[in-house]
Amino acid sequence: LGTRSGYLFRIVLLLLGVAEGMPLFKNKSKNKDKDKKAYELEQEDANLPAPTLPPPPPPPEAPKASAASSDTPYHLQRELIFRCQLAHGSATKEIKDFTNVKDMYARIATAFEIAPSEIIFCTLNTHKVDMTQLLGGQIGLDDFIFAHIRGTKKEVTVVKTEPAIGLTITDNGDGYAFIKRLREGSIVSQVSEISVGDLVESINGKSMVGSRHHEVAKFLKELPLSVPIALVLVEPMKAFDAIAPRRTAKATTAAVLDQNPQKLEELLGKGEGRATLRLKKDGQAVVEQVVVNWQTKAAGNVDDLLEQFLGIRDMELSTQLVELCKGKELVDDFALAVDEHLEEFEFPSEFVIDVWKVIASAKGAAFL
(Lines give C-alpha, C1' and ligand atoms only; values in the text may rest on other atoms or scores of the structure.)
Protein backbone atom coordinates (compact mmCIF):
# COMPACT_ATOMS: atom_id res chain seq x y z
CA LEU A 1 0.00 0.00 0.00
CA GLY A 2 2.86 2.35 0.74
CA THR A 3 4.28 1.97 -2.75
CA ARG A 4 0.91 2.34 -4.44
CA SER A 5 0.21 5.54 -2.43
CA GLY A 6 3.50 7.05 -3.69
CA TYR A 7 2.59 6.45 -7.33
CA LEU A 8 -0.83 7.98 -6.89
CA PHE A 9 0.65 11.05 -5.25
CA ARG A 10 2.97 11.62 -8.21
CA ILE A 11 0.13 11.26 -10.70
CA VAL A 12 -1.91 13.87 -8.84
CA LEU A 13 0.97 16.31 -8.95
CA LEU A 14 1.38 15.83 -12.68
CA LEU A 15 -2.30 16.40 -13.32
CA LEU A 16 -2.27 19.54 -11.23
CA GLY A 17 0.69 20.90 -13.26
CA VAL A 18 -1.06 20.37 -16.62
CA ALA A 19 -4.19 21.97 -15.34
CA GLU A 20 -2.32 25.10 -14.39
CA GLY A 21 -0.80 25.32 -17.99
CA MET A 22 2.68 24.47 -16.95
CA PRO A 23 4.82 22.95 -19.74
CA LEU A 24 6.16 19.56 -18.99
CA PHE A 25 9.56 20.21 -20.66
CA LYS A 26 10.16 23.88 -19.82
CA ASN A 27 13.96 23.89 -19.75
CA LYS A 28 14.42 22.04 -23.04
CA SER A 29 12.15 24.52 -24.94
CA LYS A 30 14.11 27.52 -23.71
CA ASN A 31 17.41 25.94 -24.65
CA LYS A 32 16.17 25.25 -28.19
CA ASP A 33 15.05 28.87 -28.59
CA LYS A 34 18.46 30.07 -27.45
CA ASP A 35 20.26 27.74 -29.84
CA LYS A 36 18.08 28.90 -32.76
CA LYS A 37 18.76 32.58 -32.06
CA ALA A 38 22.49 31.94 -31.72
CA TYR A 39 22.49 30.09 -35.06
CA GLU A 40 20.66 32.96 -36.78
CA LEU A 41 23.14 35.50 -35.38
CA GLU A 42 26.05 33.38 -36.60
CA GLN A 43 24.58 33.34 -40.12
CA GLU A 44 24.11 37.11 -40.11
CA ASP A 45 27.72 37.60 -38.99
CA ALA A 46 28.94 35.30 -41.75
CA ASN A 47 27.22 37.45 -44.40
CA LEU A 48 28.77 40.74 -43.15
CA PRO A 49 31.84 42.09 -45.08
CA ALA A 50 35.22 41.57 -43.46
CA PRO A 51 36.18 44.51 -41.26
CA THR A 52 38.60 47.01 -42.89
CA LEU A 53 41.73 47.65 -40.89
CA PRO A 54 43.00 51.26 -40.65
CA PRO A 55 46.13 51.92 -42.79
CA PRO A 56 49.41 51.53 -40.94
CA PRO A 57 51.04 54.81 -39.87
CA PRO A 58 53.74 56.09 -42.27
CA PRO A 59 57.31 55.19 -41.33
CA PRO A 60 59.22 57.97 -39.60
CA GLU A 61 61.24 60.18 -41.97
CA ALA A 62 64.91 59.45 -42.15
CA PRO A 63 66.96 62.29 -40.66
CA LYS A 64 68.26 64.65 -43.31
CA ALA A 65 71.96 64.71 -43.90
CA SER A 66 73.65 67.44 -41.99
CA ALA A 67 75.57 70.08 -43.92
CA ALA A 68 78.51 69.23 -41.73
CA SER A 69 78.42 65.52 -42.54
CA SER A 70 81.88 64.08 -42.94
CA ASP A 71 80.77 62.31 -46.15
CA THR A 72 79.91 65.61 -47.87
CA PRO A 73 82.77 67.50 -49.58
CA TYR A 74 83.66 70.73 -47.84
CA HIS A 75 82.75 72.93 -50.81
CA LEU A 76 79.21 71.48 -50.78
CA GLN A 77 78.79 71.91 -47.03
CA ARG A 78 78.86 75.70 -47.14
CA GLU A 79 76.93 78.42 -48.89
CA LEU A 80 78.90 79.82 -51.82
CA ILE A 81 79.80 83.32 -50.68
CA PHE A 82 82.65 85.29 -52.26
CA ARG A 83 84.48 88.31 -50.88
CA CYS A 84 84.88 91.31 -53.15
CA GLN A 85 86.45 94.77 -53.23
CA LEU A 86 86.64 97.53 -55.78
CA ALA A 87 90.15 97.40 -57.21
CA HIS A 88 90.94 101.08 -56.58
CA GLY A 89 90.01 100.66 -52.90
CA SER A 90 86.86 99.98 -50.90
CA ALA A 91 85.43 98.05 -48.00
CA THR A 92 85.04 94.30 -48.41
CA LYS A 93 81.60 93.06 -49.38
CA GLU A 94 80.13 89.59 -49.77
CA ILE A 95 78.37 88.45 -52.94
CA LYS A 96 76.43 85.27 -53.65
CA ASP A 97 73.53 83.76 -55.62
CA PHE A 98 74.86 84.26 -59.15
CA THR A 99 75.15 81.76 -62.01
CA ASN A 100 76.92 83.74 -64.72
CA VAL A 101 79.16 86.76 -65.13
CA LYS A 102 76.26 89.12 -65.79
CA ASP A 103 74.55 88.05 -62.55
CA MET A 104 77.85 88.43 -60.70
CA TYR A 105 78.30 92.02 -61.95
CA ALA A 106 74.76 92.81 -60.83
CA ARG A 107 75.47 91.45 -57.33
CA ILE A 108 78.73 93.43 -57.12
CA ALA A 109 76.97 96.58 -58.30
CA THR A 110 74.24 96.15 -55.68
CA ALA A 111 76.77 95.56 -52.93
CA PHE A 112 78.74 98.72 -53.75
CA GLU A 113 75.74 100.84 -54.85
CA ILE A 114 77.01 101.42 -58.38
CA ALA A 115 75.57 100.62 -61.81
CA PRO A 116 76.59 97.27 -63.36
CA SER A 117 77.75 99.21 -66.43
CA GLU A 118 80.50 100.76 -64.30
CA ILE A 119 82.36 97.42 -64.08
CA ILE A 120 84.87 96.79 -66.88
CA PHE A 121 86.32 93.48 -65.65
CA CYS A 122 87.34 91.58 -62.52
CA THR A 123 90.60 90.04 -61.40
CA LEU A 124 91.17 87.31 -58.83
CA ASN A 125 93.34 87.75 -55.75
CA THR A 126 94.98 90.97 -56.96
CA HIS A 127 93.81 94.56 -57.30
CA LYS A 128 96.29 95.19 -60.13
CA VAL A 129 95.44 95.20 -63.83
CA ASP A 130 96.96 91.73 -64.23
CA MET A 131 95.56 89.88 -67.22
CA THR A 132 96.96 86.56 -66.00
CA GLN A 133 94.54 86.81 -63.08
CA LEU A 134 91.53 87.89 -65.14
CA LEU A 135 88.24 86.39 -63.99
CA GLY A 136 86.85 84.26 -66.79
CA GLY A 137 84.43 81.36 -66.62
CA GLN A 138 85.70 79.90 -63.36
CA ILE A 139 86.23 81.13 -59.81
CA GLY A 140 88.06 79.22 -57.09
CA LEU A 141 85.83 78.88 -54.06
CA ASP A 142 88.43 80.68 -51.95
CA ASP A 143 89.29 83.38 -54.51
CA PHE A 144 88.98 87.06 -53.65
CA ILE A 145 87.32 89.15 -56.38
CA PHE A 146 88.49 92.66 -57.33
CA ALA A 147 86.17 94.68 -59.57
CA HIS A 148 87.80 97.24 -61.87
CA ILE A 149 85.42 100.08 -62.66
CA ARG A 150 85.38 102.87 -65.24
CA GLY A 151 87.92 105.62 -64.69
CA THR A 152 89.25 108.29 -67.03
CA LYS A 153 87.98 108.50 -70.62
CA LYS A 154 90.56 109.29 -73.31
CA GLU A 155 90.59 109.78 -77.07
CA VAL A 156 93.53 108.47 -79.09
CA THR A 157 94.21 108.49 -82.84
CA VAL A 158 96.55 106.04 -84.58
CA VAL A 159 97.25 105.47 -88.25
CA LYS A 160 96.91 101.92 -89.51
CA THR A 161 100.13 101.26 -91.43
CA GLU A 162 99.98 97.47 -91.00
CA PRO A 163 97.17 94.89 -91.28
CA ALA A 164 97.21 94.49 -87.49
CA ILE A 165 97.73 97.43 -85.17
CA GLY A 166 98.89 95.17 -82.30
CA LEU A 167 95.89 95.06 -79.96
CA THR A 168 94.75 91.80 -78.36
CA ILE A 169 91.11 92.15 -77.36
CA THR A 170 89.02 90.20 -74.85
CA ASP A 171 85.62 90.90 -73.28
CA ASN A 172 83.97 90.70 -69.89
CA GLY A 173 80.95 88.62 -70.93
CA ASP A 174 78.62 91.56 -70.29
CA GLY A 175 79.06 93.87 -73.25
CA TYR A 176 82.50 95.40 -72.72
CA ALA A 177 85.53 94.61 -74.91
CA PHE A 178 88.88 95.73 -73.53
CA ILE A 179 92.60 95.50 -74.27
CA LYS A 180 94.26 92.39 -72.91
CA ARG A 181 97.68 92.76 -74.49
CA LEU A 182 99.78 95.14 -76.55
CA ARG A 183 102.11 93.43 -78.99
CA GLU A 184 105.68 94.62 -78.58
CA GLY A 185 106.90 96.70 -81.50
CA SER A 186 103.39 97.21 -82.90
CA ILE A 187 101.70 100.46 -83.92
CA VAL A 188 99.88 100.85 -80.61
CA SER A 189 103.03 100.16 -78.60
CA GLN A 190 104.24 103.59 -79.72
CA VAL A 191 101.20 105.34 -78.18
CA SER A 192 101.68 105.96 -74.47
CA GLU A 193 98.00 106.70 -73.85
CA ILE A 194 96.94 103.15 -74.74
CA SER A 195 97.21 100.64 -71.88
CA VAL A 196 96.29 97.10 -71.00
CA GLY A 197 92.86 97.04 -69.37
CA ASP A 198 91.44 99.95 -71.35
CA LEU A 199 87.80 99.58 -72.36
CA VAL A 200 87.26 100.08 -76.11
CA GLU A 201 84.19 102.29 -76.09
CA SER A 202 84.13 103.33 -79.75
CA ILE A 203 86.16 103.18 -82.98
CA ASN A 204 85.81 105.92 -85.57
CA GLY A 205 82.55 106.98 -83.97
CA LYS A 206 81.03 103.48 -83.96
CA SER A 207 80.09 102.28 -80.49
CA MET A 208 81.69 99.00 -79.45
CA VAL A 209 79.58 98.66 -76.28
CA GLY A 210 77.68 95.38 -76.48
CA SER A 211 80.13 93.86 -78.99
CA ARG A 212 82.08 90.66 -78.42
CA HIS A 213 85.87 90.65 -78.57
CA HIS A 214 86.00 88.95 -81.99
CA GLU A 215 83.63 91.55 -83.43
CA VAL A 216 85.85 94.41 -82.26
CA ALA A 217 88.99 92.66 -83.55
CA LYS A 218 87.31 91.99 -86.90
CA PHE A 219 86.21 95.63 -87.20
CA LEU A 220 89.80 96.81 -86.63
CA LYS A 221 91.20 94.27 -89.07
CA GLU A 222 88.81 95.32 -91.85
CA LEU A 223 89.69 99.01 -91.63
CA PRO A 224 91.74 100.08 -94.66
CA LEU A 225 95.44 100.93 -94.43
CA SER A 226 96.69 104.52 -94.09
CA VAL A 227 93.40 105.63 -92.52
CA PRO A 228 93.45 107.29 -89.07
CA ILE A 229 91.71 105.28 -86.37
CA ALA A 230 90.00 107.31 -83.66
CA LEU A 231 89.75 105.28 -80.46
CA VAL A 232 87.68 106.29 -77.45
CA LEU A 233 89.05 104.35 -74.49
CA VAL A 234 88.17 104.22 -70.78
CA GLU A 235 90.89 103.16 -68.40
CA PRO A 236 90.12 101.33 -65.13
CA MET A 237 90.11 103.49 -62.04
CA LYS A 238 93.36 103.03 -60.17
CA ALA A 239 94.35 103.53 -56.57
CA PHE A 240 96.90 106.24 -55.83
CA ASP A 241 99.42 103.72 -54.56
CA ALA A 242 98.78 101.01 -57.17
CA ILE A 243 99.47 102.39 -60.64
CA ALA A 244 100.11 99.37 -62.84
CA PRO A 245 102.72 99.46 -65.61
CA ARG A 246 101.38 100.63 -68.97
CA ARG A 247 102.26 97.31 -70.53
CA THR A 248 104.11 94.17 -69.60
CA ALA A 249 105.67 92.01 -72.26
CA LYS A 250 104.20 88.57 -71.68
CA ALA A 251 105.54 85.34 -73.03
CA THR A 252 103.03 83.17 -74.85
CA THR A 253 101.06 80.69 -72.79
CA ALA A 254 102.74 77.74 -74.49
CA ALA A 255 106.23 79.10 -73.86
CA VAL A 256 105.53 79.68 -70.16
CA LEU A 257 104.14 76.16 -69.80
CA ASP A 258 107.17 74.61 -71.45
CA GLN A 259 109.44 76.38 -68.98
CA ASN A 260 107.29 75.86 -65.92
CA PRO A 261 104.13 73.67 -66.20
CA GLN A 262 102.97 74.70 -62.71
CA LYS A 263 102.65 78.27 -63.95
CA LEU A 264 99.47 77.18 -65.73
CA GLU A 265 97.66 77.34 -62.40
CA GLU A 266 98.45 81.06 -62.20
CA LEU A 267 97.69 81.75 -65.86
CA LEU A 268 94.27 80.17 -65.60
CA GLY A 269 93.50 81.52 -62.16
CA LYS A 270 93.10 77.95 -60.92
CA GLY A 271 94.85 75.56 -58.58
CA GLU A 272 95.49 71.93 -59.30
CA GLY A 273 92.59 69.87 -57.99
CA ARG A 274 90.88 72.92 -56.50
CA ALA A 275 87.13 73.20 -56.28
CA THR A 276 85.89 76.00 -58.52
CA LEU A 277 82.58 77.55 -59.48
CA ARG A 278 82.19 77.28 -63.24
CA LEU A 279 79.96 79.96 -64.76
CA LYS A 280 78.33 78.53 -67.87
CA LYS A 281 76.79 80.52 -70.69
CA ASP A 282 73.49 78.67 -70.29
CA GLY A 283 73.11 80.16 -66.84
CA GLN A 284 73.81 76.96 -64.92
CA ALA A 285 76.70 77.35 -62.51
CA VAL A 286 78.34 74.14 -61.29
CA VAL A 287 80.96 73.38 -58.67
CA GLU A 288 83.66 71.11 -60.04
CA GLN A 289 87.17 69.98 -59.36
CA VAL A 290 89.74 71.42 -61.77
CA VAL A 291 92.83 69.33 -62.40
CA VAL A 292 95.68 70.60 -64.56
CA ASN A 293 96.18 68.08 -67.40
CA TRP A 294 96.78 67.89 -71.15
CA GLN A 295 93.42 69.53 -71.83
CA THR A 296 94.27 72.70 -69.90
CA LYS A 297 97.65 72.86 -71.62
CA ALA A 298 95.94 72.40 -75.00
CA ALA A 299 93.56 75.23 -74.12
CA GLY A 300 96.55 77.46 -73.42
CA ASN A 301 98.01 76.64 -76.84
CA VAL A 302 94.68 77.34 -78.53
CA ASP A 303 94.52 80.68 -76.71
CA ASP A 304 97.85 81.59 -78.32
CA LEU A 305 96.40 80.73 -81.74
CA LEU A 306 93.37 82.95 -81.07
CA GLU A 307 95.71 85.85 -80.52
CA GLN A 308 97.76 85.11 -83.63
CA PHE A 309 94.80 84.68 -85.99
CA LEU A 310 92.08 86.90 -84.52
CA GLY A 311 93.78 89.27 -82.10
CA ILE A 312 91.74 88.03 -79.12
CA ARG A 313 92.39 86.03 -75.98
CA ASP A 314 89.65 83.96 -74.39
CA MET A 315 90.44 80.93 -72.23
CA GLU A 316 86.77 80.00 -72.01
CA LEU A 317 86.52 79.89 -75.82
CA SER A 318 89.81 77.97 -76.01
CA THR A 319 88.52 75.40 -73.53
CA GLN A 320 85.31 75.07 -75.55
CA LEU A 321 87.34 74.30 -78.69
CA VAL A 322 89.22 71.58 -76.82
CA GLU A 323 85.91 70.11 -75.65
CA LEU A 324 84.59 70.06 -79.24
CA CYS A 325 87.67 68.17 -80.33
CA LYS A 326 87.01 65.29 -77.94
CA GLY A 327 85.91 62.09 -79.64
CA LYS A 328 86.66 63.43 -83.14
CA GLU A 329 88.87 61.14 -85.21
CA LEU A 330 89.06 63.39 -88.27
CA VAL A 331 89.71 67.10 -88.66
CA ASP A 332 86.63 67.34 -90.89
CA ASP A 333 84.44 66.13 -88.00
CA PHE A 334 86.05 68.73 -85.75
CA ALA A 335 85.48 71.47 -88.35
CA LEU A 336 81.79 70.54 -88.61
CA ALA A 337 81.42 70.70 -84.81
CA VAL A 338 83.09 74.13 -84.74
CA ASP A 339 80.79 75.43 -87.48
CA GLU A 340 77.74 74.11 -85.63
CA HIS A 341 78.54 75.41 -82.16
CA LEU A 342 80.72 78.48 -82.86
CA GLU A 343 79.33 79.76 -86.14
CA GLU A 344 79.33 83.39 -84.97
CA PHE A 345 83.14 83.49 -84.92
CA GLU A 346 83.55 82.57 -88.61
CA PHE A 347 86.88 80.86 -87.98
CA PRO A 348 89.00 80.48 -91.14
CA SER A 349 89.81 76.92 -92.24
CA GLU A 350 93.55 77.30 -91.62
CA PHE A 351 92.83 78.34 -88.03
CA VAL A 352 90.62 75.30 -87.42
CA ILE A 353 93.32 73.01 -88.83
CA ASP A 354 96.00 74.57 -86.61
CA VAL A 355 93.74 74.20 -83.57
CA TRP A 356 93.28 70.52 -84.42
CA LYS A 357 97.05 70.11 -84.63
CA VAL A 358 97.91 71.76 -81.32
CA ILE A 359 95.18 69.84 -79.48
CA ALA A 360 96.33 66.55 -81.01
CA SER A 361 99.92 67.42 -80.10
CA ALA A 362 99.05 68.16 -76.46
CA LYS A 363 96.99 64.98 -76.20
CA GLY A 364 99.71 62.86 -77.82
CA ALA A 365 102.40 64.25 -75.52
CA ALA A 366 100.29 63.39 -72.49
CA PHE A 367 100.13 59.70 -73.45
CA LEU A 368 103.74 59.19 -74.60
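Trainee: Is Val338 buried or exposed?
Mentor: The model is a predicted one, in which local features need pLDDT of at least 70, side-chain atom pairs count only at pLDDT 80 or more, and totals for chains, interfaces and linings use all residues. Residues are numbered from 1 along each chain as its sequence is written, and side-chain values use heavy atoms, with hydrogens and water left out. Buried means under 20% relative accessible area, exposed over 50%, and partly exposed in between, with a 1.4 Å probe and protein chains only. The relative accessible area of Val338 is 1%, so Val338 is buried.

Trainee: In which helix is the place of Val338?
Mentor: Helices (H or I, at least four residues) and strands (E, at least two) are DSSP runs, numbered from the N terminus. By this numbering, the place of Val338 is in helix H10.

Trainee: Which residues does Val338 touch, not counting residues up to four places away in sequence?
Mentor: Contact means heavy atoms within 4.5 Å. With residues up to four places away in sequence not counted, Val338 touches Leu321, Leu324, Glu343, Phe347 and Val352.

Trainee: At what angle do the axes of H9 and H10 cross?
Mentor: Axes are lines fitted to C-alpha atoms, for helices over the stretch in contact, and angles run from 0 to 180 degrees between N-to-C directions. The axes of H9 (residues 315–325) and H10 (residues 331–341) come within 9 Å, and they cross at roughly 130°.

Trainee: Which word describes how H9 is set to H10?
Mentor: Angles under 35 degrees count as roughly parallel, over 145 as roughly antiparallel, 65 to 115 as roughly perpendicular, and the rest as oblique. The crossing angle is roughly 130°, and therefore H9 is to H10 oblique.

Trainee: How many disulfides does a search of the whole structure find?
Mentor: A disulfide is a pair of cysteine sulfur atoms within 2.5 Å. In the whole structure, the number of disulfides found is zero.

Trainee: Which cysteine has the sulfur nearest to that of Cys122?
Mentor: Cys122 is in no disulfide, and at 1% relative accessibility Cys122 counts as buried. The nearest cysteine sulfur is 6.1 Å away and is that of Cys84.
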